[in-house]
Amino acid sequence: MEYGLALILLAAVVAAVVLGPLKTRGEPEREEESRIEELQAAKEAKYREIRDAELDREMGKLSREDWRAVDRDLRAEAIEILQKLDRLEGRRVR
């Protein structure tokens with residue numbers, strides 16, 4: 001009885017050691033894909049903010065000076081997002 005229990009325990013340990021790396025192998029890739037998706041969504045949201053600011057200027061809700069300041073900030077944030085995406089996707093950032 002003890003011999004059988006020891007064999008079952010040994011088989012479980014061997015299975016855990018062998019299968020452990022197989023379970024976590026794709027984890028970093030999934031995390032990277034998830035981060036890329038988040039950044040792509042952030043990029044699209046930032047583009048919408050830029051378009052909304054342009055529309056606000058056209059409608060007279062923002063003065064030209066205010067729009068320039070807002071536009072400059074939004075575009076700088078968009079550039080940061082694009083650089084992060086480039087790094088994750090393996091492109092060179094200048």
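The questions below go from confidence to one helix, its packing and one of its residues.

Trainee: Which helix has the highest mean pLDDT, and which the lowest?
Mentor: This is a predicted model, and the protein averages a pLDDT of 84, with 80% of the residues scoring at least 70. Where pLDDT is low, the predicted coordinates should not be read in detail. Among the elements, the lowest mean, 68, belongs to helix α1 (residues 2-24), while the highest, 95, belongs to helix α3 (residues 64-88).

Trainee: How far apart are the end C-alpha atoms of helix α2?
Mentor: Helix α2 covers residues 27-58, and its 32 residues, at 1.5 Å a residue, should span 46 Å.

Trainee: Is α2 roughly parallel or roughly antiparallel to α3?
Mentor: The buried residues of α2, which are Ile36, Leu39, Lys46, Ile50 and Ala53, pack against α3. The axes of the two helices, α2 and α3, come within 9 Å and cross at roughly 165 degrees. Angles over 145 degrees count as roughly antiparallel, so α2 is, relative to α3, roughly antiparallel.

Trainee: Is lysine 46 buried or exposed?
Mentor: Lysine 46 lies in helix α2, and, leaving aside neighbours within four places in sequence, lysine 46 is in contact with Leu74, Glu77, Ala78 and Ile81. Its relative accessible area is 11%, and the cut-off for burial is under 20%. Lysine 46 is therefore buried.

How values were computed
Residues are numbered from 1 along each chain as its sequence is written. This is a predicted model: local features need pLDDT of at least 70, side-chain atom pairs count only at pLDDT 80 or more; totals for chains, interfaces and linings use all residues. Side-chain values use heavy atoms; hydrogens and water are left out. pLDDT is the predictor's confidence in each residue, from 0 to 100. Helices (H or I, at least four residues) and strands (E, at least two) are DSSP runs, numbered from the N terminus. The expected span of a helix is 1.5 Å times one less than its number of residues. Buried means under 20% relative accessible area, exposed over 50%, partly exposed in between (1.4 Å probe, protein chains only). Contact means heavy atoms within 4.5 Å. Axes are lines fitted to C-alpha atoms, for helices over the stretch in contact, and angles run from 0 to 180 degrees between N-to-C directions. Angles under 35 degrees count as roughly parallel, over 145 as roughly antiparallel, 65 to 115 as roughly perpendicular and the rest as oblique.
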